[in-house]
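Here are some notes for a colleague opening this structure for the first time.

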Amino acid sequence: MPTLSSNPYSSPEAVFNQKNFLLSELQSFGVQLTNESGAPSRIGGAGPTDHKAMNVLGTTIMVPVHTHSSAVSPFRVGKVDNDGRVALTYEGERIATITYPAQPKFYDYSTSDGVPYWKIATLHSKDVLATTILQTCIRYGNKKTKCQFCAIGESLRAGRTIAHKRPKQLAEVALAAQRYDGVKNVVMTTGTPVTDDRGAAVLAESAKAIKDATGLPIQAQCEPPADFSWFQKLKDAGVDSLGMHLEAWDEAVRAEIMPGKAEVPLSYYKKAFKASVAVFGRGQVSTYLLAGLGDSAETLITASRELIDLGVYPFVVPFVPVTGTQLENHPAPSAEFMRGVLGPIGRMLEDAGMTSDTVKAGCAKCGACSSLSSFEKSKSSNCNVA
């Protein structure tokens, strides 16, 4: 469990002045959730899961609520009052007022072929529509190849989704989410298929259908394809931003935590990053780095500097152990560790002009799974403190 930092929450002003501090603490410790309200949280399955979206001091973040750490967290939230507000307490003392994004209206509908919309795509954060096109992966069924943090197959096994979302279904759901819930952009990921396009083909056909129906900005996420011409095909289909996720930088960490995926070496990712940035532009290609898997703080900072030089946004996210995975008991990184990493990276992104608000779509644009965007620069916002 993370080590508790000294209490900075002596007054509402102190809470606001320590916003970055508070956000990193919440994502490290999690929050004891004593009453479910707003958009529903999920336990297990494909991520982000075991989290709940919370609007904290003007920023929407995903906070762990179903993890071992959150069960004993010093932070707690209770019932929603008549104004839709919730008291956030620290060791029993109220420190701030938060709200939850509302239950999405589009969840009430089903596709023309009878599939509930929430099985096709889900609301992430407050205004992002997210979907996994293929809910299967060539690596998942074998412990020798699967990523130890992944639970992509558990959502399917639990009946919370379907194996393959079709372009027509996705377009229908995206249009409803845009119309009824004001969704601003779409994130599409996929399990890796056996084909050497690594899922780019299904992402391209899905992106075209969604773009034609809604015009929404779209991020696609997949492993680097064997043929880099897929980058232009994805862009031509309507993809605005691309994610190719490393998860870890150190090759030894990658080999231990994601043995199958690590067979694609870091050197190949770098070639793919260079080729994709040439198509999508600087800052429109990103990669996840999961802090807490084994990379040192120095490694994460050095890796981020190299990625930024390539024009790639390093979306550094605190690792959250997901129920039902091999790493469900793996500790989350401490808040001190995260601040020590995110502070320098935020400054590098600002200096490079590659802040999250310049990204067109996707996880870096949303920013809810990490407090990185709050370290990029000082942003004024209206917030509600205790």
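1. E25 and R339 are both buried. The model is a predicted one. In it, the side chains of E25 and R339 form a salt bridge, at 3.4 Å from N to O. E25 belongs to helix α2 (residues 19-29) and R339 to helix α12 (residues 335-352), so the pair ties together parts that lie 314 residues apart in sequence.

2. A search of the whole structure gives eight salt bridges. One of them joins D127 and K184, at 4.0 Å from N to O. The two residues are 57 apart: D127 sits in the loop between β7 (122-124) and β8 (128-132), and K184 in the loop between α6 (167-181) and β9 (185-189). D127 counts as buried because its relative accessibility is 17%, whereas K184, at 52%, counts as exposed.

3. E223 and R139 also form a salt bridge, with their closest N and O atoms 2.8 Å apart. E223 is in the loop between β10 (218-221) and α8, R139 in the loop between β8 and α5 (152-157), and 84 residues separate them. Both ends count as buried: E223 has 6% relative accessibility and R139 has 12%.

4. The largest nonpolar core holds 88 residues, of which F106, F149, M188, L293 and F315 touch the most other members. Helix α10 contributes the most to this core, with seven residues. A second, separate core has 20 residues, including F29 and L88.

5. Helices α8 (residues 229-237) and α10 (residues 266-280) pack at about 35°, their axes 9 Å apart. The residues in this contact are six nonpolar, two polar and one charged.

Key: Residues numbered from 1 in each chain as written. Predicted model: local features only at pLDDT ≥ 70, side-chain atom pairs only at ≥ 80, totals over all residues. Heavy atoms only, no water. Axes fitted to C-alpha atoms, helices over the stretch in contact; angles between N-to-C directions. Helix = DSSP H or I, 4+ residues; strand = E, 2+ residues; numbered from the N terminus. Nonpolar A, V, L, I, M, F, W, Y, C, P; charged D, E, K, R; others polar. Core = buried A, V, L, I, M, F, W, Y, C linked by side-chain atoms within 4.5 Å. Buried < 20%, exposed > 50% of the residue type's maximum accessible area, 1.4 Å probe, protein only.
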